[in-house]
Amino acid sequence: MSKKKVEIIEASEGRVNRRNSKIIERLRVAAYCRVSTDSDEQLESYQSQLKHYRELIQSNSDWEYVKLYADEAISGTQAKIRPGFQEMITDALSGNIDHIITKSISRFARNTLETLQYVRLLREKNVSIYFEKENINTSDMQGEMLLTILSALAQQESESISANVKMGLKMKMGRGELVGFHGCLGYDYDSKTKTLTINEKEAEIVKYIFNRYTEGIGCFRIADELTELGYKTKKGNKVWHESSVRRIVKNEKYMGDVIMGKTFTVDPITKRRLENFN
């Protein structure tokens, strides 16, 4: 009985394209940038990141520049609302990216669950991520515990910011400042002084609506009358709808009152809002 010949295939130190089994000589590298607000300071940081990563990747002869993905003035708590992030993930899962560089865990995501979910999803496709600030490379998952802790801290920071914003809004309300108000028919709002002034021309329309309503005329009929009379809505529309008239009739501001905080955010991560019945 003859012995079978065993061929030993040495492990390759290079990366392999799983689609065509060819060795990838140069690492295809992309970068991801995100800023959460549209302030001048944040936008300057945003432009700096774009320049930094483009030069960093193109200056490395072992790297092949793929693309710089970016999201401007978008929160990092939910990946689904970030088109740049989603495009990057799609390209990575399609086999077009080998390595991703980003400034920090908080720039990548402020949601612990999503951070780990995408890191593991990309690692299954042999795509690694390098977080510069924390000096973590996901190609070595011995650092997954550290990644979990730091991503939890990033989420906690987001929750802390949300709590501070809520406190600031409450303080403004306590001082009598209008919060989230953009004007209503019959009033002009000055965003600098936070004050309302009567718009005499629009006030005539408001008076007409309330006079007809107190006479027992329904909102649907009043809307038709306003359209026939050629009155315009606050947005300049010539056609009135029953819902528009009903909102005016139910608006407490025409009684001299202001109710703020009619809705509230349940969770800063999911951004789910509910009506406030308190």
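Start by selecting cysteine 33: it counts as buried because its relative accessibility is 0%, where buried means under 20% relative accessible area with a 1.4 Å probe and protein chains only. Cysteine 219 is buried too, at 3%. The whole structure holds zero disulfides, a disulfide being a pair of cysteine sulfur atoms within 2.5 Å.

A quick note before moving on: this is a predicted model, in which local features need pLDDT of at least 70 and side-chain atom pairs pLDDT 80 or more, while totals for chains, interfaces and linings use all residues. Residues are numbered from 1 along each chain, and side-chain values use heavy atoms, without hydrogens or water.

Next, show the open five-stranded sheet, ordered E4-E3-E5-E6-E7 with mixed pairing; strands are DSSP runs of E, at least two residues, and helices runs of H or I, at least four, numbered from the N terminus. Pairing takes at least two DSSP bridges. At the edges sit E4 (63-72) and E7 (136-137). Select 99-102 and 128-131 to see E5 and E6 pair in parallel over four bridges. Here threonine 102 stands opposite phenylalanine 131.

Now turn to the largest nonpolar core, with 19 residues: a set of buried Ala, Val, Leu, Ile, Met, Phe, Trp, Tyr and Cys residues joined through side-chain atoms within 4.5 Å. Pick Met88, Ile97 and Phe108, which touch the most other members. H2 gives the most to this core, four residues.

Finish at a second, separate core of 15 residues, among them Leu185, Ile205, Trp240 and Val249.

Note on methods:
Buried means under 20% relative accessible area, exposed over 50%, partly exposed in between (1.4 Å probe, protein chains only).
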